[in-house]
Amino acid sequence: MIKNLLTIAAIALTCGLSAQTGRSAKASAQQIKMNVLPQVVAAKTASNTCDSIVTIDLANPSTTVSIFTALSDTNTPGCSPKAGYVDGNNCYGDKEKANFNAGTLYGSLSNASVTAVKVMLYRDAANSAGTQGGVNATVGAKIYNGSLAGGPSGAALGTVSNPMATVLASHVNTAQNFFFHEFTFVTPVAVQSTGFFASIVLPTNTAAGDTAVIASQVSPASNIGFELWSNDVWYAYTSTSSWNSNKKASIC
């Protein structure tokens, strides 16, 4: 099975440089608030504030994010004529989408831990497209150890799951198709100094129309994206068995 991409299915959203940093008061130190995918906010002891550390390519103010759909795959049952979303639920049964966050992004912190994950999602409420689901649908976030060379490794260090109704409640301005939802861990998740993965866990009952769709950067210069297939094996987006393309799921 070889996955094929890409069809841009939504108008790109321009990300300005001003989106690099955000600040909010934090009561404790040495914690990372993940605006994933893929923005990290690190709490500092001295100032008790959060400084964003962004993995999206914002050096160019014309950087854009969009939604990608998979091309029809007649060689895989259920993948024709529509194969679903590259960065969300699709006919391949992908379970999770993850970004790597290098240790250099938070190297100034000792004993770092992750407090929350924030993701930019897509939903076209007017046409009932994109992120949606029934009362039993859930979307989640997980933190893993691992490396960019090898992908996520071992069991999740921390996990949180929200009902779809809670996720969709974050879509306050339904006239806009992109919105943010934040997952907060009950207990901060300690991460290794060399880097870690933050993933979004997709809803499982696609037959009932449950979907989650993540916005991602258009044509990034490098790859930090991995995905968990239905066979419980992680693949880099650059794998020739996967999408064979660089990927940075996006927040701006």
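Student: Cys79 first: buried or exposed?

Tutor: Cys79 counts as buried, at 0% relative accessibility. Buried means under 20% relative accessible area, exposed means over 50%, and partly exposed is in between (1.4 Å probe, protein chains only). Before we go on, this is a predicted model: local features need pLDDT of at least 70, side-chain atom pairs count only at pLDDT 80 or more, and totals for chains, interfaces and linings use all residues. Residues are numbered from 1 along each chain as its sequence is written, and side-chain values use heavy atoms, with hydrogens and water left out.

Student: Which cysteine is joined to Cys79?

Tutor: Cys91, through a disulfide with an S to S distance of 1.9 Å. A disulfide here is a pair of cysteine sulfur atoms within 2.5 Å, and the count comes to 1. The link of Cys79 and Cys91 is right-handed, with 105 degrees about the S-S bond.

Student: What does that pair tie together?

Tutor: Cys79 and Cys91 both lie in the loop between β7 and β8, so the pair ties together parts that are 12 residues apart in sequence. Strands (E, at least two residues) and helices (H or I, at least four) are DSSP runs, numbered from the N terminus.

Student: And why is Cys91 called partly exposed?

Tutor: Because the relative accessible area of Cys91 is 26%.

Student: Switching to charges. How many salt bridges are there?

Tutor: The count comes to 5 salt bridges, where the rule is a side-chain nitrogen of Lys or Arg within 4 Å of a carboxyl oxygen of Asp or Glu. One of them pairs Asp87 with Lys247, with the closest N and O atoms 3.2 Å apart. That pair links distant parts of the chain, 160 residues apart: Asp87 is in the loop between β7 (68-69) and β8 (96-102), and Lys247 is in the segment after β17 (234-236).

Student: Where do those two stand on burial?

Tutor: Asp87 counts as buried at 2% relative accessibility, and Lys247 counts as buried at 3%.

Student: What about Glu96 and Lys142?

Tutor: Their side chains meet in a salt bridge at 3.5 Å, N to O. Glu96 lies in strand β8 and Lys142 in strand β11 (residues 138-147), so the pair ties together parts that are 46 residues apart in sequence. Glu96 counts as buried at 4% relative accessibility, whereas Lys142 counts as partly exposed at 22%. Elsewhere, salt bridges that share partners join Asp94, Lys97 and Glu227 into one network. Within it, the side chains of Lys97 and Asp94 meet at 2.8 Å, N to O, and both residues are buried.

Student: Last topic. Which residues touch the most other members of the largest nonpolar core?

Tutor: Ile143, Phe183 and Ile200, out of 27 residues. A nonpolar core is a set of buried Ala, Val, Leu, Ile, Met, Phe, Trp, Tyr and Cys residues joined through side-chain atoms within 4.5 Å. The elements giving two or more residues to this core are β9 (113-124), β11, α1 (164-169), β13 (178-190) and β14. A second, separate core of 9 residues includes Tyr144, Phe197, Ile224 and Trp234.
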